[in-house]
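Let us work through the structure shown below, taking one kind of feature at a time and reading each case with care.

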Amino acid sequence: AVTAQAGRGLFALAVAAMFLVEGLLYASTMVMPIAAPTVAADLGLDTALLGLYMALLNGTAMVASLFGGGLAGRWGGVRLSQVCLLINAAALALIAAGVPVLFVLAATMLGAGQAGSIPASSHVMVRVTPPRLAAFAFSLKQTGVPVAAMAAGILVPLTAALSGWPTAFLAAAGFCALAAVALQPLRPALDRDRNAGAGAGTRAILATLRMLATDAKLRALTLGAASFIGTQLAFATFFIAYLVQALDFTLAAAGGVYATSQGIAVVARLVWGWAADRFLPARRVLGGLGVGMFASALLTALFTRDWTVTAITAVAVGYALTAFGWNGVLWSEIARTVPADAVGAATGGTVSLVFATSMLFPALFGALLAATGSYGVAFLVSALPALLVGLVFLRPRRRGAGGA
């Protein structure tokens, strides 16, 4: 009984800690997209450059993710999380200096910090999570992302209005640094399995890539993650700018719509995780979400100034329910697919390929926006891969066939 109680306590600590890490690391990458209209106006920059900024961030994350699994095994998931939080804190402080050339370095640093998030949290979670609760537990810790996005959608515009946008970046940096310190007492319990001899170099990376190439189910999940994250990034990066520049919203009003959508997404992640544990195969849940993403993008493309705030908010909620709801289900499926000691490497490899694809989406979105002048066209194109993958997941499987 004592052992079972200790196990439950450790599980609760792991979920809480990784909830915090996932949320802050994601939110730190979203401060710029949220503040972009104000930053661009103050420094005389084109908002379309935000696409290149996010492409650089995700390109760095693509490379850095390949090292995430090995570093999680070598240092432990908590230590890797601390390192990532401190990297992102330093990057946000650089942006606050207001020198555009430093934004390039900051985007690179934020990409490196964000890359360790999922390998670190998956490495910690898989060792303490009861299998029957896997999808729900992974979804619960992933709710840190929409919770943090909701908070950022409110606090970043408010702080920028009251104290200037550099203060908003410095405040976010402070939260990351404080969280890194707060995690230290948890390290003895959650990083007990760290192995100083764990591979984190070229040989380990090649082994990860071989695993992705030879495991059909892992390949299918990677394709799904790569498509879904693109749709998620399109919404997270450009939705606020769309409302401000095309529909005459104030930054605060646009941030409020975005924050509302993220609040609903918190509940959605838990519902999808619960459904995947109890009622539907993960493949069906993920397929339905992919189709829902495209439907939401289509409605977003139809926005005009005649739409009411309520109607626009309802579409934003639908977008967030789908484009932000898949993560816990998919990452828990990866944890179920591979042995426990390979979860960090598998998630790191998948995340790397996800970032390789997601690096293209903001740049493609920015290019479409510059070429057509239409946010609607860009949103619609960015959701096409999610639709195709969703239909594949919903297709009946042949007996004995592999896949998600």
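Q: How is the packing of two helices described, and at what angle do the axes of helix α3 and helix α4 cross?
A: Two packed helices are described by the angle between their axes and the distance between the axes. In this predicted model, the axes of helix α3 (residues 77-96) and helix α4 (residues 100-115) cross at roughly 160° and come within 8 Å. Because angles over 145 degrees count as roughly antiparallel, α3 is roughly antiparallel to α4. The crossing in which α3 passes α4 is left-handed.

Q: Which residues in α3 and α4 meet?
A: From α3 come Cys84, Ile87, Asn88, Ala90, Ala91, Leu92, Leu94 and Ile95, and these meet Leu102, Phe103, Leu105, Ala106, Met109, Leu110, Ala112, Gly113 and Gln114 in α4. Sorted by class, the contact of α3 with α4 holds 14 nonpolar and 3 polar residues, with no charged residues.

Q: Is Asn88 buried or exposed?
A: Asn88, whose place is in helix α3, has 0% relative accessibility and therefore counts as buried, the cut-off being under 20%. Leaving aside residues up to four places away in sequence, Asn88 touches Leu25, Ser28, Met109, Leu110, Gly113 and Gln114.

Q: How do the axes of helix α7 and helix α8 cross?
A: The axes of helix α7 (residues 144-163) and helix α8 (residues 165-182) cross at roughly 130° and come within 6 Å, which makes α7 oblique to α8. The crossing of α7 and α8 is right-handed. The contact is formed by Val156, Thr159, Ala160 and Ser163 of α7 together with Trp165, Thr167 and Ala168 of α8; by class, this contact of α7 with α8 has 4 nonpolar and 3 polar residues and no charged ones.

Q: How far apart are the axes of helix α5 and helix α6?
A: Helix α5 (residues 117-125) and helix α6 (residues 134-142) have their axes 12 Å apart and pack at an angle of about 140°, so α5 and α6 are oblique to each other. The crossing in which α5 passes α6 is right-handed. On the α5 side the contact is made by Ile118, Ser121, Ser122 and Met125, and on the α6 side by Ala137, Phe138, Lys141 and Gln142. The residues of this contact of α5 with α6 comprise 4 nonpolar, 3 polar and 1 charged.

Q: Which residues does Glu22 touch, not counting residues up to four places away in sequence?
A: With that exclusion, Glu22 touches Ser117, Ile118, Ser121, Lys141, Gln142 and Val145. Glu22 has its place in helix α1 (residues 2-43), and because its relative accessible area is 3%, Glu22 is buried. There is also a polar contact, at 2.6 Å, between the side chain of Glu22 and the side chain of Ser121.

Q: What is the phi of Asp248, and where does Asp248 lie?
A: Asp248 has a positive phi of about 65°, although it is not a glycine. Asp248 lies in the loop between α11 (216-247) and α12 (251-278), and its relative accessibility of 55% means that Asp248 counts as exposed, for which the cut-off is over 50%.

Q: Where does Pro396 lie, and how far apart in space are Pro396 and Gly366?
A: Pro396 lies in the segment after α18 (375-394) and, at 64% relative accessibility, counts as exposed. Pro396 and Gly366 are 36 Å apart in space, C-alpha to C-alpha, and 30 residues apart in sequence.

Note on methods. Residues are numbered from 1 along each chain as its sequence is written. This is a predicted model: local features need pLDDT of at least 70, side-chain atom pairs count only at pLDDT 80 or more; totals for chains, interfaces and linings use all residues. Side-chain values use heavy atoms; hydrogens and water are left out. Helices (H or I, at least four residues) and strands (E, at least two) are DSSP runs, numbered from the N terminus. Buried means under 20% relative accessible area, exposed over 50%, partly exposed in between (1.4 Å probe, protein chains only). A polar contact is a pair of N or O atoms within 3.5 Å; within protein, one must be able to donate a hydrogen and the other to accept it, and residues adjacent in sequence count only if both atoms are side-chain atoms. Contact means heavy atoms within 4.5 Å. Axes are lines fitted to C-alpha atoms, for helices over the stretch in contact, and angles run from 0 to 180 degrees between N-to-C directions. Angles under 35 degrees count as roughly parallel, over 145 as roughly antiparallel, 65 to 115 as roughly perpendicular and the rest as oblique. A crossing is left-handed if the near helix is turned anticlockwise from the far one by less than a right angle, and right-handed if clockwise. Ala, Val, Leu, Ile, Met, Phe, Trp, Tyr, Cys and Pro count as nonpolar, Asp, Glu, Lys and Arg as charged, and the others, Gly among them, as polar.
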